Amino acid sequence: MAHGMRTESHTRHIRRDDWRETATRYALLPLRIFLGITFIYAGLDKLTDSTFMQASGAGSIGAQMEGVRDISAIPALVDLSLKSPVGFGYAIALGELAVGIGTLIGLFARVAALGGALISLSLWLTVSWHEEPYYYGNDLAYLMAWLPLVLAGASVLSVDSLRAARRGSTPGPAGPASPAAP
């Protein structure tokens with residue numbers, strides 16, 4: 001009796017570590033869900049707004065680009081969009097939709113996140129560059145939010161993780177790893 005081993009504290013320690021490991025694996029899921037839904041909504045909002053998809057007029061993509069041209073960090077980028085404002089509006093809307101869907105379902109998640117980061121960077125350098133103080137501009141915050149997903153991808157609850165499992169590997173923070181030995 002005196003030589004018996006207590007396992008209660010050891011078991012609690014393992015459970016705590018399991019919880020931490022699970023929390024770490026799922027840590028980026030809320031960010032994926034938020035960014036995915038937000039970008040899907042933004043793309044659909046643009047595509048269904050007949051006022052936005054116009055070359056000129058109040059609320060149009062053309063008027064918005066004209067309004068920020070002289071206060072953007074890269075006026076040449078705005079000039080490029082002004083060559084075909086409606087085409088640019090469709091490109092941004094479809095890009096946001098593709099990025100949002102890819103991020104939400106975790107399909108080519110790093111590529112989708114890179115697309116989201118590039119969209120956010122271009123919008124920050126053009127549309128929200130003039131915001132003062134800088135942290136009022138939400139495009140910079142979106143850019144920073146995309147970076148962890150660019151680095152880590154979607155390792156859980158994603159098409160990427162299903163594809164990795166089919167290949168016999170498990171996705172991790174650095175991407176798919178080689179198959180584990182039995």
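Axes are lines fitted to C-alpha atoms, for helices over the stretch in contact, and angles run from 0 to 180 degrees between N-to-C directions. The model is predicted: local features need pLDDT of at least 70, side-chain atom pairs count only at pLDDT 80 or more, and totals for chains, interfaces and linings use all residues. Residues are numbered from 1 along each chain as its sequence is written, and side-chain values use heavy atoms, without hydrogens and water.

**Exercise 1.** Describe how helix α3 packs against helix α4.

*Solution.*
- Helices are DSSP runs of H or I, at least four residues, numbered from the N terminus.
- Take α3 (residues 61-68) and α4 (residues 75-82): their axes come within 10 Å and cross at roughly 160°.
- Angles over 145 degrees count as roughly antiparallel, so α3 is roughly antiparallel to α4.
- Now list the contacts (heavy atoms within 4.5 Å). G62, M65, E66 and V68 of α3 meet V78, S81 and L82 of α4.
- These residues divide into four nonpolar, two polar and one charged. Gly counts as polar, Met, Val and Leu as nonpolar, and Glu as charged.

**Exercise 2.** Place L28 in the fold.

*Solution.*
- L28 sits in the loop between α1 (8-26) and α2 (29-48).
- Its relative accessibility is 26%, so L28 counts as partly exposed. Buried means under 20% relative accessible area, exposed over 50%, partly exposed in between (1.4 Å probe, protein chains only).
- Setting aside neighbours within four places in sequence, L28 contacts P148, L149, A152 and G153.
- V156 is 128 residues away along the chain, yet the C-alpha atoms of L28 and V156 are 9.0 Å apart.

How values were computed:
Helices (H or I, at least four residues) and strands (E, at least two) are DSSP runs, numbered from the N terminus. Angles under 35 degrees count as roughly parallel, over 145 as roughly antiparallel, 65 to 115 as roughly perpendicular and the rest as oblique.
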